[in-house]
Every structure is written in C-alpha cells, then in structure tokens.
Amino acid sequence: MKAKLAAVLAAGVMAGVPLLAGTASATVDNGVCEADEFCVFRQIDYDWAADFKASDTHYYNNSYPLHSSYLVNDSVSSVWNRNPCAVVLYSDDGGTGDYVGFLSGGYASDLRDVTVNGHDFNNLASGHSIAC
Ligand SMILES: [Ca+2]
Ligand SMILES: [Ca+2]
C-alpha cells in the first residue's frame with residue numbers, strides 16, 4: 001500500500017530551515033542546492049547535496065557530485081525542494097514503492113522523522129518525480 005500524499009506534506013514544516021544560499025543562476029548536478037532545484041542529501045541537515053531540476057526515477061546511476069564514489073540510491077537522509085513544483089520521492093526504482101511528497105519550498109532535515117507505512121524514509125529513496 002502507498003502512503004497518502006497528504007500524510008507526508010507535513011515534512012515541509014519540520015524544524016530546521018535550510019541555511020544554504022542560492023545563486024542567481026543555478027547549475028544542476030554541481031552538488032550545490034540552488035534556487036529552483038530539488039535537492040536530496042546524503043547527510044541529515046542538508047549536507048552532501050545531489051541537485052536536480054528534472055525528474056529522475058533511477059538513483060542507482062547517480063552519485064553525489066562532490067562525493068563521486070557515493071551513490072545516491074538508498075542513501076538520502078534529508079531533502080529540500082527549492083523547485084517551483086511539487087516533488088514526489090519514491091522508495092523504489094522507476095517511481096514505485098512507498099512515496100513522500102514535498103510541496104515547493106518543502107523540506108525535511110532528517111528523514112528518520114518521516115514515517116511512511118510504519119517505517120522511516122531514511123536511506124530509502126530511489127528516485128523522484130517533479131510535476132506542477
Ligand atoms: Ca546546483
Ligand atoms: Ca530504495
């Protein structure tokens with residue numbers, strides 16, 4: 001069973017506003033979470049970013065740009081959605097499995113605190129879709 005999207009939108013109001021600075025022109029896949037990007041982080045509290053502007057439902061072939069030997073798949077521990085669109089993060093490859101939604105501006109500083117179907121979402125994400 002999939003979690004209800006509404007149940008996880010609360011992730012956007014969790015404590016800890018991200019302090020990372022944006023720049024005028026964001027560069028995707030540079031390991032810096034900039035304006036208009038959707039970012040996942042290997043560490044809690046927004047450290048080690050993988051930054052996107054498009055959907056990517058196959059994290060198994062993504063590494064963290066500034067830590068290239070570390071794969072994104074099953075390693076995400078915090079999230080910040082700076083994209084103007086809502087984003088759904090999936091537990092399994094191909095946009096399947098459990099999922100958690102992040103409205104534009106939504107974030108979660110520690111996915112251990114985001115519970116979906118009785119388990120937390122830490123080290124689980126395998127892809128995301130972006131849709132306005
Ligand atoms: Ca960037
Ligand atoms: Ca997974």
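View 1. Leaving aside neighbours within four places in sequence, His 128 is in contact with Phe 38, Ser 55, Asp 56, Val 87, Val 88, Leu 89 and Tyr 90; two residues are in contact if their C-beta atoms, placed from the backbone, lie within 7 Å. His 128 itself is found in strand 11. Strands (E, at least two residues) and helices (H or I, at least four) are DSSP runs, numbered from the N terminus. His 128 counts as buried because it has 26 C-beta neighbours inside 10 Å. A residue is buried if 20 or more other C-beta atoms lie within 10 Å of its own, exposed if 12 or fewer, and partly exposed in between, with C-beta atoms placed from the backbone. From C-alpha to C-alpha, His 128 and Gly 101 are 9.4 Å apart in space, and they are 27 residues apart in sequence.

The model shown is predicted: local features need pLDDT of at least 70, side-chain atom pairs count only at pLDDT 80 or more, and totals for chains, interfaces and linings use all residues. Residues are numbered from 1 along each chain as its sequence is written, while chains are lettered from A and ligands numbered from 1 in the order in which they are written.

**View 2. The open sheet 7-6-11.** Three strands form an open sheet in the order 7-6-11, with antiparallel pairing. Strand 7 (96-102) and strand 11 (127-131) are the edge strands, each pairing on one side only. From one strand to the next, the twist averages 25°; axes are lines fitted to C-alpha atoms, for helices over the stretch in contact, and angles run from 0 to 180 degrees between N-to-C directions. Strand 6 and strand 11 run antiparallel and are joined by five bridges, where two strands pair if DSSP finds at least two bridges between them. Val 87 stands opposite Ile 130 in strand 11.

**View 3. Arg 82 in the loop between strands 5 and 6.** The loop that holds Arg 82 lies between strand 5 (78-81) and strand 6 (86-92). Arg 82 counts as buried because 22 C-beta neighbours are inside 10 Å. Beyond its neighbours within four places in sequence, Arg 82 is in contact with Cys 33, Ala 35, Asp 36, Glu 37, Phe 38 and Cys 39.

**View 4. The whole protein.** One helix and eleven strands make up the secondary structure listed for the protein, in the pattern α-β-β-β-β-β-β-β-β-β-β-β along the sequence. Of the 132 residues, 36% count as buried.
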